[in-house]
Amino acid sequence: MQLATIFLGFIIFGFSENIKGPAIPRIQFDFMLNESQLGMLLSLNALGYLIACSFTAFLTRRWGIKIVSIAAFGSMLISGILIYFSRSYPAFSASYFLMYIGNGMLEIALAILGARIFVKNTGTMMNLSHGFYGLSSTVAPLIATGLMSVSVFGYTLDWRGMYLVMLALSIIPILFAWRSTFPSDNISHEDHVSLKTLMKDRALWLMVLILSFGVVSELAVGGWLVNFLEKAYSWDTTTASGMLSAFFFCFALARLLLGPLTDNIGFNLSLIIFSTFSAICTFAAILGGERLAFLFAGAGIGIAMIYPTVMAFIAKRYPNGSDTAITFTVTLMGIGSVIGNYMIGGVIDVVKHLFGADTQMGLIRGLQAGYAFIGLCAAICAVFSCILFRFLRKRNELI
């Protein structure tokens with residue numbers, strides 16, 4: 001039941017995060033948003049995710065993981081209903097904000113639960129559980145695209161109805177979580193590693209930087225790839241969504257198959273190899289133009305491994321403080337996500353105006369620059385991974 005809750009939780013998480021790709025161009029059109037406003041929308045919703053991360057560990061200690069998990073899924077279910085009935089931009093923004101509150105709560109709860117039960121083959125199991133996120137993310141854009149054109153009793157679902165249907169699936173893991181028995185926090189108060197002690201560890205701060213740049217690079221693909229392919233290469237929504245699905249197929253396959261590799265070669269070396277691979281694929285896809293667009297999907301192989309490998313590293317390095325370390329790391333990562341999403345939209349707008357705001361060339365160059373920033377984040381992730389490797393090797397603390 002614990003595994004079912006974790007796996008189903010990541011499936012729903014993948015749906016809620018990545019159905020936005022095909023929906024964003026329509027949301028942008030309906031509310032008449034420019035790229036900067038769109039980036040601001042994604043940043044504000046990342047802020048909701050950040051706020052949830054800051055209080056979820058506290059609620060977990062007070063209420064237990066079971067109640068927090070159910071509350072997270074419930075928030076997502078309610079947000080789907082509110083999105084469906086939103087007709088103004090403020091109402092939609094508030095509803096979307098609530099969905100990210102649920103996402104943040106869910107991610108922390110699943111990470112804490114995984115750290116407690118995956119005590120052996122940690123890298124393999126962390127990647128396997130996160131692989132279910134990749135699986136649902138693979139089909140999410142295609143399902144979203146299909147649902148938006150479905151008519152029910154003569155009414156086309158469009159993006160609002162699609163969000164309602166997809167987020168309503170949260171009821172399934174709620175039922176599993178309700179029937180599950182979760183491991184309690186049986187570590188005595190004296191044995192807990194305090195936040196003050198953790199903040200003195202330079203390695204944890206490096207992990208924050210690695211995770212922040214890695215996750216910006218990962219999550220930005222779901223929000224910007226379809227938009228990029230449609231506007232830069234004039235792809236139709238179905239074809240562009242297919243490329244996003246290919247990205248998440250590579251993403252899921254990497255997590256399902258390469259998890260044992262992280263246990264064998266070590267978490268630190270894995271972070272260097274996979275983040276570098278993702279950066280190379282992204283830059284090659286941009287420079288190679290439409291003929292190398294498939295490399296956008298290939299980048300998913302590398303970036304997929306960053307988050308679960310960091311979680312496995314934390315579980316191993318801080319066995320008596322994983323709850324606090326995960327919350328601290330993911331909360332600061334959320335700040336990076338807020339800044340990163342806003343900067344992508346800003347970079348696109350600035351470069352677009354430099355080359356001509358109302359020209360096709362300006363739009364293409366702007367989108368290329370914005371997507372290059374995504375690749376840059378993966379490259380910076382690799383740099384900080386190298387710094388962490390050297391830092392821990394000097395102390396003989398490589399994991």
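User: Which helix of the predicted model has the lowest confidence, and which the highest?
Analyst: This is a predicted model, with an average pLDDT of 85 for the protein and 96% of the residues at 70 or above. Where pLDDT is low, the predicted coordinates should not be read in detail. The lowest confidence is in helix H3 (residues 35–63), with a mean of 77, and the highest, at 93, is in helix H12 (residues 267–288).

User: What radius of gyration does the protein have, and what would a compact globule give?
Analyst: Along the principal axes, the C-alpha atoms fill a box of roughly 60 × 50 × 35 Å. A compact globule with 399 residues would have a radius of gyration near 21 Å, and the protein agrees with this, at 20 Å.

User: How many helices and strands are there, and what percentage of contacts join residues at least 24 apart?
Analyst: The protein has 16 helices and 2 strands. Taking contacts between residues at least 6 apart in sequence, those that join residues at least 24 apart make up 83%.

User: What percentage of the residues count as buried, and what part of the accessible surface belongs to carbon and sulfur atoms?
Analyst: Buried residues make up 59% of the 399 in the protein. The accessible surface comes to about 15,500 Å², and the part of it that belongs to carbon and sulfur atoms is 69%.

User: How far apart are the mean positions of the positive and negative charges?
Analyst: The protein has 24 positive and 18 negative charges. Between their mean positions the distance is 7 Å.

User: Why is helix H13 described as largely enclosed, and which helices do its buried residues pack against?
Analyst: Helix H13 (residues 294–303) has 10 residues, and because 8 of them are buried, the rest of the structure largely encloses it. The buried residues are Leu295, Phe296, Ala297, Gly298, Ala299, Gly300, Gly302 and Ile303. They pack against helix H10 (202–232), helix H11 (237–265), H12, helix H14 (306–317) and H16.

User: Is cysteine 381 buried or exposed, and which residues does it contact beyond its sequence neighbours?
Analyst: Cysteine 381 lies in helix H16 (residues 360–394). Its relative accessibility is 0%, so cysteine 381 counts as buried. Leaving aside neighbours within four places in sequence, the contacts of cysteine 381 are Ile210, Phe213, Gly214, Ser275 and Ile306.

User: What distance separates the C-alpha atoms of cysteine 381 and isoleucine 272?
Analyst: Along the chain, cysteine 381 and isoleucine 272 are 109 residues apart. Their C-alpha atoms are separated by 8.0 Å.

User: Where is threonine 5, and which residues does it touch?
Analyst: Threonine 5 is in helix H1 (residues 2–18). With a relative accessibility of 1%, threonine 5 counts as buried. Not counting residues up to four places away in sequence, threonine 5 touches Leu110, Phe176, Ala177, Ser180 and Phe182.

User: Is serine 180 buried or exposed, and which residues does it touch?
Analyst: Serine 180 is in the loop between helix H8 (171–179) and helix H9 (195–199). A relative accessible area of 3% is under the 20% cut-off, so serine 180 is buried. Serine 180 and alanine 4 are 176 residues apart in sequence, with 9.1 Å between their C-alpha atoms. Apart from residues up to four places away in sequence, serine 180 touches Met1, Gln2, Thr5 and Lys66.

User: How many residues of H2 are buried, and which are they?
Analyst: H2 is largely enclosed by the rest of the structure because 9 of its 12 residues are buried. These buried residues are Lys20, Gly21, Pro22, Ala23, Ile24, Pro25, Ile27, Gln28 and Phe31.

User: Where is aspartate 158, and what is its relative accessible area?
Analyst: Aspartate 158 is in helix H7 (residues 158–168). Its phi is near 55°, which is positive in a residue other than glycine. Aspartate 158 is partly exposed, and its relative accessible area is 27%.

Methods. Residues are numbered from 1 along each chain as its sequence is written. This is a predicted model: local features need pLDDT of at least 70, side-chain atom pairs count only at pLDDT 80 or more; totals for chains, interfaces and linings use all residues. Side-chain values use heavy atoms; hydrogens and water are left out. Helices (H or I, at least four residues) and strands (E, at least two) are DSSP runs, numbered from the N terminus. Buried means under 20% relative accessible area, exposed over 50%, partly exposed in between (1.4 Å probe, protein chains only). Contact means heavy atoms within 4.5 Å. pLDDT is the predictor's confidence in each residue, from 0 to 100. The radius of gyration is taken over C-alpha atoms; the globule rule is 2.2 Å times the number of residues to the power 0.38. Accessible areas come from the Shrake-Rupley method with a 1.4 Å probe; for residues, only the protein chains shown count as cover. Lys and Arg count as positive and Asp and Glu as negative; His and the chain ends are not counted. The place of a charge is taken as NZ of Lys, CZ of Arg, CG of Asp or CD of Glu.
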